[in-house]
Every structure is written in structure tokens, then in C-alpha cells.
Amino acid sequence: MSRSGREGYTIISGVYDGITRGDTEPALCHRHEVETEKSKRKDRESGGLHVNGARPSPEAAVARHRRIHGESRKPPIRRRAGGDERRRVGGRSSERIPRIDAMDLLPAEGPSSMGARRQGFRSLKLATVAMDEPLAEKPVGVDYGVLDNGLTYYVRCNPKPRMRAALALAVKVGSVLEDEDERGVAHIVEHLAFSATKKYNNHDIVKFLESIGAEFGACQNALTSSDETIYELLVPVDKPDLLSQAISVLAEFSSEVRVSSEDLEKERGAVLEEYRGGRNAAGRMQDAHWVLMFQGSKYAERLPIGLEKVIRTVTPETVKQFYQKWYHLGNMAVVAVGDFADSQSVVELIKSHFGQKNSNCIPPPVIPDFHVPSHKEPRYSCFVESEAAGSAVMVSCKIPVDEMRTVKDYRDSLAEAMFHCALNQRFFKISRRMDPPYFSCSSAADALVRPVKAYIMTSSCRERGTIEALEAMLTEVARVRLHGFSEREISIVRALMMSEIESAYLEREQMQSTSLRDEYLQHFFRKEPVVGVEYEAQLQKTLLPHISPAEVSMFATNFCTTCSCVIKIVEPRAGATLDDLRAAVLKISTLEEEKRISPWDDEHVPEEIVTDKPVPGSIINQIEFSPIGVTELLLSNGMKVCYKCTDFLDDQVIFTGFAYGGLSELPEAEYISCSMGSTISGEIGIFGYKPSMLMDMLAGKRAEVSTKVGAYMRTFSGDCPPTDLETALQLVYQLFTRNVAPGHEEVKIVMQMAEEAIRAQERDPYTAFTNRVREINYGNSYFFRPIRISELKKVNPIRACEYFNNCFKDPSSFTVVIVGNIDPASSLPLVLQYLGGIPRPSEPVLQLNRDDLKGLPFKFPASIVREIVRSPMVEAQCSVQLAFPVVLKSTSMMEEIHYVGFLSKLLETKIMQVLRFKHGQIYSVNVSVFLGGNKPSRTGDVRGDISVYFSCDPDISSRLVDLALEEILYLQDQGPSDQDVSTVLEIEQRAHENGLQENYYWLDRILRSYQSRAYFGDVSDSFKIQDEGRTKVRKDLTPLTMQLALQRILPFPCKKQYTVVILMPQISHLSFLKSLILLSSDGFTRNVKILVGAAGAVVLAVSLWRYSRSALNS
């Protein structure tokens, strides 16, 4: 997984003909959300533009403070599984957004009978069960069995996504099984599987899968944890033999992985780079906590990534021995979930490919149990991490994993989930108080390793505030032990959980195949029952109303400091001591024993979001655009609303409203204050209520609304089920009609978080790197420069909130697109009341023409720039960004934007083949396109850049840059192969097909049709023009046309204009002298040696001067 923040191919999902859907965001993420429980499925949320060129103000970092270390603003309500550290083989993110520039026109779908389906849940019969009744051991709804050779299989037909299959090979083998000289071998085996097998050679598996549209990383991946290894594929099944070939690949993984010296040497570099990438601040903190947690057990010494020494020196014989010993079919399962004609034919395919295989040793080796010792006394750690993103506190209590076998066990799991949910509600409210002890805090239970799960509390706090945060965390758990949760608190949690299972029940026939696959994996690894959504809904509906506050509160005993507890703080500079931690624990324990902790005091919560219902607006004009199945309304207040009815998900409606005009219009003097408007307003409450109060008001509802202010646009977005559409639209109404007024305490908290975030950025070695990239590529524009603490102190909160209020004031400047399971008969009256009822101001507010907006000042260098940025690091890291200028001509924009997408994918694939598969020196590469700096005008060329990002060994970074340049130049001179073009076309087509089945895809496409330079009032025409552009480019795409596009869009030859910035570790004076001396010994002249000596004398003199100054100061 790359750290670049610029997902290569996905950039095009946010850009069309020069218009950036996501808009350039100076803060990377000016978003403020109201969320009421577990996130809905945003499987492929389109339009999320990853902008590397945006100015890194503290906005996003403030949001990160609110979520750091796993906090969820919506309490978790379902058990999590498989929380241990995992190592993936794929070099790209597995959560990539498909390229969605245009699509085939589909007929409109009518609304489903949502009312009847929801009534079906409401009338769902309660289950008549005894508490000791066993849950089914055999998974429900799936063909399940075991072959004669011991292989377990799960096969299920599932139509979402259409003509796709989610496959997996699960192996009960992880790093804990390694001997001392094998540390890291389990992960190496996983890598080698994709490299070479008996049937495939030189990463031919990767090439084959990509040739059928299964992208490496996104659709073919693997992971290794302490206890297990999983190989995952997501493949098309619309052509003969594709499924059979994919299953044959899994069969190769099971017993035919080739381990030769050549194979191992090629893969060492990728594994080493993955190891190096994990040795950043977050990785070091995670590894240290893991070792502390499992001290005294083998798990503490078997992190999946292994030891660098073993990775570098392990022999093929050792790897082969591990593979042959543990990879036994009796320890494996094949999972196949997909759009199959019938499940039995898939079972026969599995038998055909696996049935004749016999494992190397019969019977299978016994997987030993590895004991994790308990301890009564807490373990303490004060971890000083100079590169840490902030100060944090972690409290972990280990308990044995509880097996779920009976209805009583299931009931207990519900009560446990309710405990964490209720506790998180409290943590959230405390974090919103005046002068809070922490910025964020969360609680969860997680199965870390096979025998142990942990109750984990984590918080992020101000620097030198760790003891106060720890005391607040322990106090709240002690308060629950003494006084319990109130009936009101539990009723809110009960409503949240009932709402969630209702949604799952309504969409039980629309689950993603990958989700079902993961359920069966947990059944195989952890024996988690799979009883089916229908029965689980019955159980929850039966059991939840009878779980009392006292039962829920009992789970607070698992957070006792005498229960195998580990308490750890992380600070960028040493502050608290171990004695301080012990004293804090003793202090709270004493208060609890003496019962000097008062009960929880909750605030009064209004019942209605909108107290005075607005007068509904009216429809001035209505147009049906039947080719794309949308209806457009012009409301009496000037707002334009477009809706499309779909049946992809029965319980989802999503919407986005946008208006032109954003931060680019501001004078530079006001930019910083106004860019902070979203954050300050979000802390106060943008819907007329404090966030902590609104959370309770929305209990049991699933309505989310967020806002964003970018360079050229302001947007609000929402996600809800059809039954909560009124609530979501009420929040939009409140957004437009309630003014945010800054309070001293709220502003103080935001500024404190922002200052902490800036200091954290300054500690991060990558800050100097990213800042220099922006400075070089975008001309040191104020919009792209990093914010400084001195600038932060000049923020005017009154002006910030005033600007935010004006951004969402005038409804006549907004166009709103709504997509999902909409019933116009019931939905349109709500639209008219809450959107049409927004009053239009007497004078226009920020009503701007897209063609008249001010463009951002940025300019790419006209010549070659190659720079090395050296930054202090705890451990050596190296990042490389190679960038080329891009100019897309206005006259051919409709085609050029598609060519850019195909080229970025081609470059990513080919550079990956060279740097990883051929030379074995990188883990991943991302090629991305940035066009977000251009204003959304209908005329003019579009400027931007294409960037190649990878991390590598610092010693070979320049050589790898040259190899990448050589590959790009070769493609410009010789062109790609027919197979290269076919692969890129196939990957794009498969992503396109998947997108057609998702609401977010359609929402994004319709939005970009409005925002396209081809839009002149008819959204259907704009949609058609974009689609024709995609069709034409696909039809014309050949090796020659792609070669010409490479010459036309990139500088040709590519070596004449580019920038390279390389992040390298800072060299100490001693190392610098040593390197010079080594250089001088390699045939340098006498004059050079004299210069070296002089340089050494200067360095020595400076060092002595600094020492004398420090001695004087002391």
C-alpha cells in the first residue's frame, strides 16, 4: 500500500474534460459529517480526488485527531474479526475506485416496493429459542463440504456484482509457526506464490489475471497474519473457462509454488521494501505495542513481516521446507462466491482442480496452540517516538477468545457490542466538552490472535496530556462499573443496533460477494457461526429489547487493570514516566474503591431537528431525460434537483449538491482564516446543534450529511435509507438556515488541535519531501504551501464562520443530484418541503459563474529538476516522485481525458513490471494524474501533471528513476504491445461494468455531466457526449494510438522536461566525512583530497563551536 496519497488510476474517476469532480482541496479534506452509527456500504465511492498538490492546512489533520488510533464517531456495533497485523503481497491498494469517465446508457429503473419490504422487517416474527439452544455448526446458505484429501470448500451463488466471482484460498498457517531461522518465511511464501509455480513463470499469474481484468492489488492480493494466510481473487466469469482458470491458480498456490534461488532473489527486494515501509513511526509503535501485549508468548516474537536478516539471507531450501511442511490441504479451504449459474458446477470445478492433489505429508501436521500468559499486574510503557503524529494513550486488556456456540453466547455478544457502543457515545461527548482531556477516544473488542482477544481503548490528546487522558479513560470505565449505563443510554444503543440489522435484512439479497466470502473465511478460521441474515435478524429483534443496562454494564469488568492489562503512552518527546502511569492507575482505583466517582450526567436533548416546519416550495419546471433515466426539477427558490431511481440497494439513497465558487475567489490575506471555516464550524455544529447533542437526536436513524469547501466548489453530500430521507433533508435545511457563531472555547479546542497537527507534520520526515514536491511542481503558490503556526495564530474565527455560513446560504446557486431507491410519490414532498423550503436571500450570495472563477496560480518547471531532500529519520526511508507536465488541448478534450486515464494505467503496469517483477526492487508503484488545479471553465486548455511514485532502498533510488525514465521513453519510441493495450482495455471495462451496478457510480457520472464543459442546459446531451468520447477512444486504442498519445500528452522525449524529488535520510557529519574519504580513495586527485580535508576541518570547527555554545548556555 503506497503512502503517496495519490492513487494512480483512480484520479480519472474525479476528473472529466478538465473539471475536477472532487475539486482541489487546500486542506485535502474540508469535510464535516454527522454520522449516527456504523458506516453504510460506500463500496466504491466515486469522485474522491486524491490531490497531492493541495495545500496541507491542518483541517484534515484535525479530522485525523478525531479519528486517530481507530476512533469511530459512530460506535461499533458488530464484532470485528481478524484484527492482527497482516502483510499483503499486492503493491496497490485493495480499495481502488474504478475508472468511471463514461458508461453505456442504461434504461431507468423504477422504484422498488420499499414500504412493503420494510414492513416485512417490522412484521418479522420473533424467534422462539432457548438460551442453551445451539447455533448451527454448518454454515447456512452455502454449499459446504470437505474433499477426501482434507480440503474444505464453500460455494455460494450471489449476483452482486454481476458476472463476478470472489475467490479465496484460506490457509491456517501464519508467522507464529516459524522457527527462529524462518522469521518472515510465511510472508515470503505468499509473495512467491504470485511469482512462480509449476505451471506459471515470472509473474505470469499476475499478467494472466490482469489480462482478464483482475487488477493486481485491487482484484488479486494476499495477506499473512500471525495465524493465517489468505489468497484473494476477484475475477470476471462472463467468458468460458475464466472461473476454471482462476480456481486452477488457487490450486497452484496450494501445493505447486516454486522456490528456486532465482525466484527468491527476485522477490527479496519487494519484501525488503515492504519491511522498510513498515518501519515508519506508525509501524514502530504498532510493533512495540504488539511485543508488549504478547510478552512471554511466541506471538511476541513472530511479527508477520519477520526479521530483515532472515529476509536477506534465508535459503530456498528453508522456504521450501516451511511450505512443504505446513501447506497441507487439510489446513486449507477454498471459498467461491459469485454470479454462478449454479453452485454444484463450481463444486465440481474445485474437485477437478484440487481433488487429485495429495499433500506432502499425510495426515496433516498438527497446528499447535501457543499459550499467551495472563498477568495480574499491569504492564506499562512510555514510548517516545520523535516522528509520531501526536500523543496517544492505549489501554489493552487481554481475555480468552469466547466461542459462540449457543443462543446465549450470541446474546452475550450483543450485550458486549452494546457496551462498547454506549462507552463510545460517552467518549465522544467528553471529547466535545470544553477543555476536553483528549481529542478523540474509542473502545472496541478485537480478536488479535487465535487464543486471545482484547478490550482496547485508544485516545489521542494534546502533547504532555497523556496522563490526563489516561485518567479520564480509566475514570469513565470505573464510572460504568460503579453506576452502570442509564436506561436512556441503552435505549439509544438498542435503536442503533436495531436499525443496523434492519438494513442488513432489507439488503440481504444485495450483499457484495466479497462480504460473504469474508464471512465464510471467519467460519473456517475461527468457527464463527454463519446462520444467515434472516435468522440473525430474528434473533436480534427477539433478544435486544430484553438486554438490560445492568447486563451491558457488566462488561466493564473486562477493562480492569488487573485483567492482563497493558497501558502504553506514545509521545513525540519524553514527558510522562512509568511512575506517572502507575500513579494514575492507583489514583483512579482509589477513587473507585472509595466510591468517589459521581454518576454520568447527560444533557437534555431536543426531540425535533426542525422545530418549525418550512413552507414547501413548488416545482417551476420539470424535465424528463429518459435516455439516462433522470428527472430534473427547478424549484421555486432557484435550486435545481435531479433524481434517478435505482434498485441496486433497497436501503440506500445518496445525494450531493454543488455550487460554483470556493476558496480561489478569496484574497490571499483571507485565505487561511476562511479555509479554517469548515473545521471551526464543524466543532461548533453546522446543523444548529452541538455534535454530541445531534448524535443522540439521531439515535436509531441512519442519516449522514457532510460538507466540503474546495478551491472552485462548495458541496454537501448525504447518505441514508429511504425511510430516513426526511431526516437527511432536514439536516440540509438546517445547514442553510442556521448560522454558526464561534465561541471562545470551541475555537480554542480547534486551534489547539490544528497546532498539534502542524507540529506533527513538522516531525514527519515526509513533510519536507511533500512540501518540496509542491513547491517545485506548483510554483510555490500560497494555495499549495504548508501552513505555519505563526499563520495559524492570525486566523480570524469570526470571519472563518461568516465565510462558511455564506458558502451554504443561497439555494439558487446549488444543483442537487439524488440517486437510489427513491419513491417519487413519498420523496418529492420531502424535497419540496426541506430543499424547496430553504429561503432564498434577497440578494445573491456567492452566486458565481463557472467561466468567471479565478484560477489557482501554479506553474510546472520548464526544465529538468532533480533534487534530493534530506530529512532526519529514526530509520532510513526513501520515497521518489517523478513528475511530467500535462497539457490537454481544449479542441480535443473529450478524447484526451480518456487517453490520460489509459496512459496512467499503462505506465503504472509497465513500471511495476520493470521495477518489481524484473528487478525486484520496489513493493508498489502508483501513477496518478493531477488536473485539479484548473478552474471549471468551459474553454481553455487544461494543465496538470502525471506523477510516478514509489519507495525503495535509498542507495538505488536514482538508478530506479533512470529505469523508469527508460521504460517511459521506450514506450514513446516503440509503443506498447498488443497485450499491453488489451490488458488496459480489459481492466477499464471491468471497472466500468462494476460501476454500472452502484449508486455512487451513477451519482458521480450525473454530477460530472452537469460539471462537464459539454453541459449547456441538457444533462442528457452532456452525458451522451462524454460516453461517446469513451467509446471512441476505446475503439481507436491500439499500440500506435497509445504511442502517439504518449508523445502528445507527455513531453517527448520524456527526458527533456520532468521533475524528480527523492526523500533520503539526513546524513550525519561523521557519515558525510566518511563518504568523502571513501570517494577520495577511489582515484580522486590530490586537489580533491585537499578539499575533503578542508571540508572536514570546517565541519569539525562548526561542531566544536556548537558544543562551546551549548556548554556556555548550560
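Let us begin with Phe716, which counts as buried because its relative accessibility is 0%; buried means under 20% relative accessible area, exposed over 50% and partly exposed in between, with a 1.4 Å probe and protein chains only. Please note that this is a predicted model, in which local features need pLDDT of at least 70, side-chain atom pairs count only at pLDDT 80 or more, and totals for chains, interfaces and linings use all residues. Residues are numbered from 1 along each chain as its sequence is written, and side-chain values use heavy atoms, leaving out hydrogens and water.

Phe716 forms an edge-to-face aromatic pair with Phe736, at 5.7 Å centre to centre and 85° between the planes. Rings of Phe, Tyr and Trp (its six-membered ring) pair if their centres lie within 6.5 Å; planes under 30 degrees apart count as stacked, over 60 as edge-to-face and the rest as tilted. Phe736 also counts as buried, at 2% relative accessibility.

How many aromatic pairs does a search of the whole structure find? It finds 36. In one of them, Phe194 and Phe253 have ring centres 5.0 Å apart and planes at 55°, so this pair is tilted.

I turn now to the cores. A nonpolar core is a set of buried Ala, Val, Leu, Ile, Met, Phe, Trp, Tyr and Cys residues joined through side-chain atoms within 4.5 Å. The largest has 133 residues, and Phe950 is among the members that touch the most others. A second, separate core of 99 residues includes Phe784 and Phe930. Ring pairs link these two residues into a cluster that also includes Tyr671 and Phe858.
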